[in-house]
Amino acid sequence: MTEEINQNYQEAYQQINTATKASGFDMASDVLTCSLLKTLAATKPSGKFLELGTGTGLSTSWILDGLDQESTLTSIDNDAKCLAIAKTFLGSDDRLTLVDTDGAEWIEKNRDKKFDYIFADTWHGKYLLLDEVLSMLNTGGLYIIDDMLPQSNWPEGHQDKAIKLVKDLESRDDLHLTKQVWATGIVIGVKK
């Protein structure tokens, strides 16, 4: 067994990847993480999905590839330049709603919504407003975060934040939790 991807790379991913590199955006999700996101998305037929931190849409394209036709994905980001790339290649998918707004603002306005799957790939829902986002998960819902192993683009002191977040998640009694020292460091929680 190896860490290679044994799934097809969808056309949108290839196009977004090229546009992402051209844009200079360097915080895109790792392809191993993307493959896992797709596989986990397939476990939630007719599901409601939330992605906090669209970026250019690389991970979004993989999540969409795992969704059935009855599922919906809301993806939030506040970087219009990055969202423009996602809209160009994914905007015609009726299952997807791309929202250009501040994550904290969106979470506060939508606290009553429930989701079957949340991929938190930005500060909000990960390092900020964790309790609020976890309360948005349905029982059996998946909470997924990545980049929990040290990254070359982390600012000074960020590793301490990551360590604290993992400890906070481990101390919760409302999640079944698995930590994976794989890809960029993945944590998966399932709401009890």
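Predicted model: local features only at pLDDT ≥ 70, side-chain atom pairs only at ≥ 80, totals over all residues.
Two or more lining residues come from each of α7, β6 and β7, and α7 gives the largest share, with four. Colour the lining by class and you'll get ten nonpolar, three polar and one charged.

Next, select helix α7, residues 158–170. It lies across β5 (137–145), β6 and β7 (186–191), and runs at about 145° to β6.

Now show the whole sheet. Seven strands make up this open, mixed sheet, in the order β3-β2-β1-β4-β5-β7-β6. Look at the edges: β3 (96–100) and β6 (175–180) each have a single partner strand, so one side of each has no neighbour in the sheet. On average, neighbouring strands are turned by 15° against each other, ignoring direction.

Strand β2, residues 72–77, runs parallel to β3, and five bridges join the two.

Last stop: the largest pocket, with a volume of about 760 Å³. Select Met 27, Asp 121, Thr 122, Trp 123 and Asp 147, which lie nearest its centre out of 35 lining residues. Both α3 (58–66) and β2 supply at least two residues of this lining. What does the lining look like by class? Here you'll find eleven nonpolar, 17 polar and seven charged residues.

Technical notes. Residues numbered from 1 in each chain as written. Heavy atoms only, no water. Pairing = 2+ DSSP bridges. Axes fitted to C-alpha atoms, helices over the stretch in contact; angles between N-to-C directions. Contact = heavy atoms within 4.5 Å. 1 Å grid on protein atoms, 1.4 Å probe; cavity = no way out; pocket = protein on both sides within 12 Å on 5 of 7 lines; lining within 4 Å. Points joined across faces, edges and corners; volume = space filled by probe spheres on them. Nonpolar A, V, L, I, M, F, W, Y, C, P; charged D, E, K, R; others polar.
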